[in-house]
Amino acid sequence: MSSSFSRLFLLAASVTSVMASCGSLTHLFPRAEGEEVPISKFGYTGTTGPVLWTQLDTAANGLCSTGSNQSPINMVEGQFKLIPASDTQLTIPDVPEGAEFENLGSTVEVVMKGLGGTFVLEGKTYTLEQFHFHHPSEHIDNGVSLPMEMHLVFSSGTDIGVIGVYVDLIDVPQKTFRVHLVPRQTPSTLLETIFSSVGEIATPGTKTKTKPLVMSELVNTLKAGNFQRYTGSLTTPPCSEGVAWSVATQKLMLSRTTFQAARDIIGFNSRFPQNNLGAQNVLTLASGAAGAVAKAPATEQAANVTSVHRRWMGRGAKLE
């Protein structure tokens with residue numbers, strides 16, 4: 001297989017993968033009318049969780065444990081390029097008729113294919129396929145985890161671009177003794193609208209229609225800040241690399257009541273933070289450390305265990 005053909009094949013595989021894992025099969029391979037919503041085969045805990053994603057499909061998911069440019073990451077200086085969002089061409093029309101809202105088991109997703117959303121990156125136009133949510137945030141904001149993260153997934157046909165948006169919480173004040181306190185920040189109307197329907201898709205594999213979506217609110221919010229740009233990977237199997245990430249510095253706010261309703265449906269669905277870009281995969285490092293321990297003499301292993309126990313039990317503790 002020639003190198004040019006190999007590159008083309010890998011790019012096509014990457015696009016297929018992101019549509020099937022960081023979203024649903026509604027994009028490159030549209031479902032037949034009436035076809036059921038697919039339920040993800042990977043998860044976030046136990047034997048289907050991120051540590052064992054490679055073992056779910058060793059041929060397809062190898063990069064989950066060997067890739068050196070994996071996402072999500074801790075967004076700290078040196079890991080990204082900061083660009084003004086106002087300098088980018090981001091267009092997402094309002095959706096007055098509402099959009100399809102699905103429960104994939106691994107996340108809840110709003111299908112935006114064919115609704116006109118575009119994002120121009122380095123002269124290439126990407127179209128919006130869908131957006132979905134992770135709880136808690138997958139990217140870490142300079143060491144801080146946020147309650148949720150929204151991922152808007154765009155495709156150019158051969159490449160993938162994702163906008164990550166942190167979601168934080170706000171208390172909505174109530175009227176008390178005829179006094180209405182006005183908060184400095186207000187919940188996102190878009191998010192409140194979307195999650196008002198989340199109870200209708202409590203079961204994986206179900207779908208509903210959202211109420212009208214004012215996407216201009218989101219676009220205006222994002223363009224008021226910056227994008228932290230870097231090249232990473234899908235945050236779900238098969239963890240394909242070469243994904244153009246733009247993590248927004250502007251956050252969306254959500255009321256605590258609505259957050260709790262969404263959280264109870266979405267559950268925990270975040271991949272753990274990966275190593276610095278270009279550094280060895282954390283799972284590869286862990287497997288190497290495990291191998292070193294396995295090869296160590298039994299007396300050395302026993303001494304290490306004893307040392308750990310003493311640290312937990314106190315300096316003066318005696319082990320039987």
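The points below concern salt bridges in a predicted model.

1. Over the whole structure, the search returns six salt bridges. Three of these pairs are taken up here, among them Lys207 with Glu100, Lys113 with Glu129 and Arg263 with Asp264.

2. Lys207 and Glu100 are joined through their side chains, with an N to O distance of 4.0 Å.

3. In the salt bridge between Lys113 and Glu129, the closest N and O atoms are 3.7 Å apart. Lys113 sits in the loop between strand E5 (108–111) and strand E6 (118–121), while Glu129 is part of strand E7 (residues 124–134), so the contact links parts 16 residues apart in sequence. Here the partners belong to separate accessibility classes. Lys113 is partly exposed, with a relative accessible area of 36%, whereas Glu129 has a value of 4% and is therefore buried, the limit for that class being under 20%.

4. Arg263 and Asp264 form a salt bridge with an N to O distance of 3.1 Å. Arg263 is partly exposed at 31% relative accessibility. Asp264 reaches 56% and so counts as exposed, a class that requires over 50%.

Definitions and conventions:
Residues numbered from 1 in each chain as written. Predicted model: local features only at pLDDT ≥ 70, side-chain atom pairs only at ≥ 80, totals over all residues. Heavy atoms only, no water. Helix = DSSP H or I, 4+ residues; strand = E, 2+ residues; numbered from the N terminus. Buried < 20%, exposed > 50% of the residue type's maximum accessible area, 1.4 Å probe, protein only.
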